[in-house]
Amino acid sequence: MFRLTQILRNLFIRVEASVSNIFRIFFSFLSQFFRLSGKLLGFSTSEYFLESNEPKGSKSVEAQDATRTESVKIPEISSTTRRSNSKIDSYFLNMAKQVKKS
């Protein structure tokens with residue numbers, strides 16, 4: 001009886017693998033088809049998804065432009081404020097001196 005269950009399990013695994021391969025091929029074909037049709041219809045251009053940068057002439061945009069102020073410049077923080085590891089370096093130097101002496 002154990003042999004029969006093993007054969008059925010292996011058969012199920014093989015059928016499942018072959019069906020998944022068939023679906024993967026089918027779905028990749030569909031994705032390529034939709035990608036090509038999207039490019040041909042112009043859905044992949046950024047102008048379709050995003051608004052243009054040009055103002056449309058509405059009063060709210062003009063009011064916002066008038067009330068804008070210059071941005072405050074933030075001074076750059078230097079990246080050389082890192083502390084050196086002098087304690088660790090001196091520890092290893094002292095250890096090397098002790099090894100040389102012995």
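I take a residue as buried when its relative accessible area is under 20%, as exposed when that area is over 50%, and as partly exposed in between.

**Entry 1, confidence.** I found the highest confidence in helix H1 (residues 2-41), at a mean of 92, and the lowest in helix H3 (residues 59-67), at 53. Where pLDDT is low, the predicted coordinates should not be read in detail.

I noted four helices and zero strands in the chain, in the order α-α-α-α along the sequence. I then looked up burial, and buried residues make up 1% of the 102 residues. For the accessible surface I wrote down about 11,100 Å², with 61% of it belonging to carbon and sulfur atoms.

I counted four aromatic pairs. One of them joins Phe23 and Phe27, which are stacked, with 6.0 Å from centre to centre and 20 degrees between the planes. Both residues lie in helix H1, four residues apart, which is about one turn of the helix. I also looked at Phe26 and Phe27, whose ring centres are 5.6 Å apart and whose planes stand at 55 degrees, so I recorded this pair as tilted. Phe23, Phe26 and Phe27 form one aromatic cluster.

Are Phe23 and Phe26 buried, exposed or partly exposed? Phe23 has 46% relative accessibility and therefore counts as partly exposed, and Phe26, with a relative accessible area of 43%, is partly exposed as well.

Key: Residues numbered from 1 in each chain as written. Predicted model: local features only at pLDDT ≥ 70, side-chain atom pairs only at ≥ 80, totals over all residues. Heavy atoms only, no water. Helix = DSSP H or I, 4+ residues; strand = E, 2+ residues; numbered from the N terminus. Buried < 20%, exposed > 50% of the residue type's maximum accessible area, 1.4 Å probe, protein only. Areas by Shrake-Rupley, 256 points an atom, 1.4 Å probe, with all protein chains shown as cover. pLDDT = per-residue confidence, 0-100. Phe/Tyr/Trp six-rings, centres within 6.5 Å; stacked < 30°, edge-to-face > 60°.
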